[in-house]
Amino acid sequence: MPDTSHNPVPSGHPFCRRGRSTEGLIKAFFGGNAALTIVILVLIILFLLREGVGFFPEYRTELQNFRKSGLEFVDIARKDLTAHEQMGSLLNRAYFAQVNSNCREEMQRLEEATAIVNYLGEATAPAHDALVQVTDAESNSPPTPELLQKLSAQYRKRLADALSGRLGKGFPPTPHLSRTEQQLLCDQIAARDPLSTDDPAFANELQASLAAKRELSAAPLIAFRDAIDAFQSSSSALDVLVSETSDTVKATKEAAVLHGIQVRKRQTLLDAARTAKPDLRSQLEADIAAAVTTEPVDFTAAMAPVLARIPQFKEANAAMSAGLTEVSEKLPLSLSDEKADRYLKAFRAATPAMAAETADTVGLLEGWRADVPVGIGMTISGFISGRDWITGGEWQDIYGILPLFIGSLMISIIALAIAIPFGVGAAIYTNQLAGPRQQRFVKPTIEFLQAIPSVVLGFVGIAVLGTLLQEVSTLDSLSWIPGFPIQQRLNMFTAGCLLGLMAIPTIFTLSEDAINNVPAAFAEASDALGASKLQTIFRVIVPAAISGILAAVLLGLGRVIGETMVVLLVAGNRIQIPDFTDGIGTVFQPAHTLTGIIAQELGEVPFGSVHYRALFVVGILLFVIVLAINWTAQRLLRRFRISQH
Amino acid sequence: MVSDSVQPAIPAIEIENLRFSYGTKEVIHGVSLSIPANQITAFIGPSGCGKSTLLRCLNRINDRIPGAAITGGSIRIGGIDISRPDLDLQVLRRRVGMVFQKWNPFPKSIYDNIAYGLRIHGETNRKALDEKVEHSLRVVALWDDVKDRLKTSAFGLSGGQQQRLCIARTIAAKPDIILLDEPCSALDPLSTLKVEELLLELRNDYTIVIVTHNLAQASRCSDQTALFYLGELIEYGNTSQMFQAPREKRTEDYITGAFG
Ligand SMILES: Nc1ncnc2c1ncn2[C@@H]1O[C@H](COP(=O)(O)OP(=O)(O)OP(=O)(O)O)[C@@H](O)[C@H]1O
Ligand SMILES: [Mg+2]
């Protein structure tokens, strides 16, 4: 019969538990640590939410003012203007690409000649500067002939050294100049007076031949040029209108803001006066009386002159529509240069959208009402799908995260496109194909990548990768790659490459784990059926590990999206939705990111301002994204473990 | 017990003076054995005597273990020494299939498990695959149980069914020889019986080598029996003869349970 009564074990009995109190202490210690961590996490979330939630109502008030003072009205018209400008720049790019396509040889020759001139100029700079200084100084006595001679000798020596390629990086390469031409150029520079900075005759000659060639290839394009010019000037009326009305509405807004500040100040003073000591009160009351010096703004009256110009807007708008139609008719059907043609096609593709946008403007202007309230839903949707993130301007701060989100997304995609093949490939190689010695070498080496601080990677990105990519991209033989030559040294691709590098260890380690956890019995069964090594790997092992590998990729993605330092340093930080007309080449455009914007702007914004709160909302969004990714990854991993029994 | 085992014994596998080591540890010390075609040969012996090792030499699956190697002698299958280093292992393993002690279907559907062996050998024709899958499943008497859930995971089957699925997977690849390493050691008596019946049926088309700890099983369904002890062959011969009138004293001790 078991003893069911819960009598304590008599003390002194060998079964009596000892050391109970220390056990409890240890438990409390670790339990306390865990609890503290959770409490801190909750506090962080609460803090984020508290700072962020206030954003939407405040932003809404700002938008309301934006509307009342008429800024919104002007922006409607300005939108057309911006679109028109972009269209014009497309045409210009097409034109210059076409013109330059025939002059590539001349441009390269001139560039190389300039490079030589610059190289020699830099090499002789110290002596040259000294000479200029001694001869130029009016106050001092004229230099002694010995000094002059000494400096000239120094100049000649440096020049000779440079000509033989002994200084610095050596002589710049000149594949498009013949030896004699190069020699001629050097001789001309050598013969030049040390004090002169005139371009050598040969360089001028090249310049002239380039100009002539340009003129020559521009000649058949005269009609095209005229059409472009006509198109660009068709917006001048609107341009004037917008700039004039924007001055008016800006003044209205500023007056309203000033008045608002004064009213708030008086309110603060009033609150203070209520509790103040009597001797201070009189002073405070005087302040209160003087606090508000401006009249409240009469928005309707202020807006009246702007609204009165709607007929003029109509005219300007019609002129612009006409300009678009006209230019569309006059454009050449196609251009022989591939790049120029691409720009032309992009213009054509954008024409209907532009026409539609111009067409509805008058309706929008006429239908615009200052007194329609801005809803909170509109505020939120404007934040999420807004195409602009404009801050710190005197016009109106606009917070739309779409460009940042797209930047983050594209950089992550590039990073994953690089990290997945390398990470998963290395995992497969290490686990399945490498011998034990290679394994011992490869694994720690890849995992070591993780130890590189991201700011150091950022250096590498700026100093090495960006420059290298840009240099490589100017090679003639690579010009078929879309986006080459790269315009911006810092762009999404460089950032994506570095982030990919950072994600490789995560993806590698976790996929290797996943592959390693696939029971050997599967591989053995496959071998016993006569499968080759690769068949076993790709048809049995990888499919069996696939959810683990996916989880690894997701965790890598989480790492990439949350990474800040590298993107801030390397992504180029242009807040703009990339121009997707470049196709794959889009990846060579700069972009800004969700993380980068917080790091860049949080230090500069006034505490508690709308801008400050907007950054917190971005932070919350990031938090949610990363949380969702990690949660999915955890689920996948769990499923993976279950499927392995 | 199989009584009509007096067919002409064409040797399918000829092992001659085979030595095998894991690294520096030799575990098979010169075994010679000739395994007849279209018969069932059982390997018995106490644990650790090298039965599995010898069996795993026959399709060179031991090559997976680093350091494991045949250090002497030869194994001839179809007239060629399969211990040669330049042998095409994939072809050898197609001809010599293997079923493992612990059933190990792939984490795929029932259908894909069987189709796998066919696909890796280049069969892509959908109809041919269907036919062969069905045939293999019928041979192992699993077809009726699973024909409605071919696309579901193989892990949804019972242990005995999974083991039969593994046998079906092996025979789908059309080997000449099937090696089985204690295929029934983790099965209940009823499933064991089914597998044994299956083996007796397969005997007509395949040469079968089975490792077993179950002496009753060896006597029930094998034609030839080989008894090993500490890496050496003690006795080899006709099963009925060996169980009724063992030549060696140690054999008698082992089958009467005096050691092992
Ligand atoms: N991978 C291995 N590495 C080293 N030694 C091994 C390895 N596998 C087996 N051995 C050794 O080889 C010898 C034979 O093992 P084997 O597995 O062939 O025995 P067995 O007869 O199949 O035993 P059981 O009936 O228990 O399965 C044993 O001494 C064992 O310790
Ligand atoms: Mg064994």
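Predicted model: local features only at pLDDT ≥ 70, side-chain atom pairs only at ≥ 80, totals over all residues.
A:Ala237, for example, belongs to helix α9 of chain A, which covers residues 236-275. Although A:Ala237 and A:Ala319 are 82 residues apart along the chain, 8.1 Å separate their C-alpha atoms. A:Ala237 is partly exposed, with a relative accessible area of 39%.

## An open sheet in chain B

Now turn to chain B, where four strands form an open sheet in the order β2-β1-β4-β5, with antiparallel pairing. The edges are taken by β2 (25-36) and β5 (80-81) of chain B; each has a single partner strand, so one side of each is left without a neighbour in the sheet. Strands of a sheet pair through backbone hydrogen bonds, either parallel or antiparallel.

You can follow the sheet strand by strand. Strand β1 of chain B (residues 11-22) is joined to β2(B) by nine bridges, and the two run antiparallel. Within this pairing, B:Ser21 has B:Glu26 in β2(B) as its bridge partner. β1(B) and β2(B) form a hairpin with two residues between them, and B:Gly23 in the turn has a positive phi of about 65°.

β1(B) also pairs with β4(B), in the antiparallel sense and over eight bridges. Here B:Glu14 has B:Arg76 in β4(B) as its bridge partner. Moving on, strand β4 of chain B (residues 68-77) is joined to β5(B) by two bridges, again in an antiparallel arrangement. B:Ile77 stands opposite B:Ile80 in β5(B).

## Where the two chains meet

A:Phe522 and B:Phe155 form a stacked aromatic pair, 6.5 Å centre to centre and with 20° between the planes. A:Phe522 lies in helix α19 (residues 520-528) of chain A, while B:Phe155 lies in the loop between α5 (143-146) and α6 (159-172) of chain B, so the pair joins two chains. A:Phe522 is buried at a relative accessible area of 4%, whereas B:Phe155 is partly exposed at 26%.

A:Glu524 is also in helix α19 of chain A. With 16% relative accessibility, A:Glu524 counts as buried. Leaving aside neighbours within four places in sequence, A:Glu524 is in contact with B:Arg56, B:Ile61, B:Arg64 and B:Phe100.

## Charged side chains

Side chains of opposite charge can pair when their charged atoms come close. The structure holds 30 salt bridges over all chains, and the table lists some examples.

| Salt bridge | N to O distance |
|---|---|
| A:Arg309 and A:Glu244 | 2.6 Å |
| B:Arg84 and B:Asp86 | 3.2 Å |
| B:Asp253 and B:Lys249 | 2.9 Å |

A:Arg309 sits in the loop between α11 (299-308) and α12 (310-330) of chain A and A:Glu244 in helix α9 of chain A, so their pair ties together parts that are 65 residues apart in sequence. A:Arg309 is partly exposed at 23% relative accessibility, and A:Glu244 is partly exposed at 35%.

In the second pair, B:Arg84 is partly exposed at 36% relative accessibility, while B:Asp86 is exposed at 56%. B:Lys249 counts as exposed at 57% relative accessibility.

Some salt bridges share partners: A:Arg50, A:Glu51, A:Glu58 and A:Arg613 are joined in this way into one network.

What is the nearest side chain of opposite charge to A:Glu112, which is buried yet has no salt bridge? That side chain is A:Arg109, 7.1 Å away. A:Glu112 is found in helix α4 (residues 104-136) of chain A. Not counting residues up to four places away in sequence, A:Glu112 touches A:Pro173, A:Thr174, A:Pro175, A:His176 and A:Leu177.

Note on methods:
Residues numbered from 1 in each chain as written. Chains lettered and ligands numbered in written order. Heavy atoms only, no water. Buried < 20%, exposed > 50% of the residue type's maximum accessible area, 1.4 Å probe, protein only. Lys, Arg positive; Asp, Glu negative; His and termini not counted. Salt bridge = Lys/Arg side-chain N within 4 Å of Asp/Glu carboxyl O. Contact = heavy atoms within 4.5 Å. Pairing = 2+ DSSP bridges. Phe/Tyr/Trp six-rings, centres within 6.5 Å; stacked < 30°, edge-to-face > 60°.
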